[in-house]
Amino acid sequence: MTEPDWRRLDLAAPTPEHALLAETLREFVAREVEPQAAENDRREQFNLGLFRRAGELGLLGVTLPEEYGGAGLDATAAVQVMEALSTSDPGFALSVLAHAILFAQNVNVNGNAEQRARVLPKAATGEEIGGLCMTEPAVGTDVLAMTTRAKRDGDVYVLDGVKTFITNGGTDETTLGDRFVVYAATAPREISSFLVEKGMPGFSLGQKWKDKLGMRASFTAELVFAGVRVPVASRLGEEGQGTLQMMRNLEIERLTLAAMSLGIAQRSVEVMLAYANERRSFGAPLREHGQVQRYIAESFAEYRAARALVYDSARRMDLDASGQRVAADAAKLFASQAGKRAADAAIQVLGGYGYMGEYVVERLWRDAKLLEIGGGTLESHQKNLTKDLSRNPALVRG
C-alpha cells in the first residue's frame, strides 16, 4: 500500500463492504430506530418487528457465513453495528448483540456443521430469537461456581437450575425466546454448553425483570430449567469445553459492548455541542464558558481515543481464535467509562433539560451504566489485564 493510500484508511470502514454497511446503518437508525427509541424505553418493551427488520437488512448476521444467510464479515462489522444502533437506542442494540454475538456467533464458532445448518439461517433473518444463559441468581463473575447442572442420562443430558438477567429471555411477559446457548456444570468446576429450545418440557420463562435503570427496550428475564432433557446432539463441542468456549465468546462480546459505549459517547457529544451552540448564558453562547468547554473537549477526546482503541482491536481480532482477552478487556474498560462520562457531561451541560426524559442524554446516561457491569465488570477487566500483562509484559507494546 502506498503512503497516500494508508493515510486515507478508515479504521471504521476499511473496505467497500464495510462502507456499504455503514451507509445501511445510518439510514436504518435515522428512519426506523430513532423514531421508536424513547417510547419503547418508557414502555419497557422489546420491539420484535424492528428486530426482524434488522434481520431483513442483514444486520443480525454480519459475522455469520454466507452459506447460512450471513454477510461473512468480521469483528469490525460487528462493532459498526453496535456503535451505530447505540447512538439512538442502546437497549435495542443490546438485544441485537445478545442474539447476533452471544448466541449466533457462539454457535457459529463452537457448534458443528449440523448445529450451524439448523440454527444459523433462522438466526440471521431474525425469524428465531436467541440468547445466552450464563448468570445465575447467586453466581455472576465467578462462573465456575455456577449451580445449574447437566447430568448425562444415556443419549440426553438432564438440566436443572435457574439463569437470570437473560437478555432475549422472552419477547414479552408470556413468550419465551426461541433458542439459547446454556452453560451448565457437568462436573465440579467443569462447564459444558448446550443448545436449549423453546418447547422442551421443563424449560420455562420465569419473571421478567422490570423497572431497570436502563436498557429498558431489551427484554430481561429469568429462565428456569426443571429436568429439561437435552439431546447429546445439542451439546456444543465436547463435554467440559464450555469454559474455553465461554472465554472465546467473551472476547467479541466485550468488544461489541465497548462499541455500544462508543455510540453513547458520540451521541452525547453531538447533543451537548448543539445545545452549547444554541443556548446563551450571561450574554454569551454557552460554548464560550470554560466549564462547558471542558465538558465538550474532554468528552470528545475520550470518545475519539476509545474509538481508535475499539476499532484497532476489532481489526486485529480473529473471530475463530482465542487468547485475545487483553485487547477486548482494555477496549471495554476504557470505552465503557468514556461513554458514561460523556453522557454525564452532556446532562451537566444541558442542566435541567438534560435531566428530563424529553432529551436523549437522560436515557443514554441510564443505559451507559450497564456497560460497566454486563459482559464483565470494570473490576474483572482490571484483574484480567493486570494478570495477563504481568505474565507477558511484552503485550504492553502490542
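Helices (H or I, at least four residues) and strands (E, at least two) are DSSP runs, numbered from the N terminus. The model is predicted: local features need pLDDT of at least 70, side-chain atom pairs count only at pLDDT 80 or more, and totals for chains, interfaces and linings use all residues. Residues are numbered from 1 along each chain as its sequence is written, and side-chain values use heavy atoms, without hydrogens and water.

**View 1. Crossing of helices H5 (residues 90–110) and H7 (residues 242–278).** Their axes (lines fitted to C-alpha atoms over the stretch in contact, with angles from 0 to 180 degrees between N-to-C directions) come within 10 Å and cross at roughly 155°. H5 is therefore roughly antiparallel to H7 (angles over 145 degrees). Residues in contact (heavy atoms within 4.5 Å) include Leu97 and Ile101 of H5 and Ile252 and Thr256 of H7. By class, the contact has 11 nonpolar, 6 polar and 2 charged residues.

**View 2. The largest cavity.** A cavity is a set of points on a 1 Å grid over the protein atoms alone where a 1.4 Å probe fits but cannot get out; lining residues have an atom within 4 Å of a point. This one holds about 70 Å³ of space. Of its 13 lining residues, Val109, Arg248, Asn249, Ile252 and Leu319 are the closest to the centre. H5 and H7 are the elements that give two or more residues to this lining.

**View 3. The second largest cavity.** About 40 Å³ of space lies here. Among the lining residues are Leu59, Ala78, Ile101 and Thr256. H4 (75–86) and H5 each supply at least two residues, and H4 gives the most, with 3.

Technical notes
Angles under 35 degrees count as roughly parallel, over 145 as roughly antiparallel, 65 to 115 as roughly perpendicular and the rest as oblique. Ala, Val, Leu, Ile, Met, Phe, Trp, Tyr, Cys and Pro count as nonpolar, Asp, Glu, Lys and Arg as charged, and the others, Gly among them, as polar. On a 1 Å grid over the protein atoms alone, a cavity is a set of points where a 1.4 Å probe fits but cannot get out, and a pocket is an open set with protein on both sides within 12 Å along at least five of seven lines; lining residues have an atom within 4 Å of a point. Grid points are joined across faces, edges and corners, and a volume is the space filled by probe spheres set on the points.
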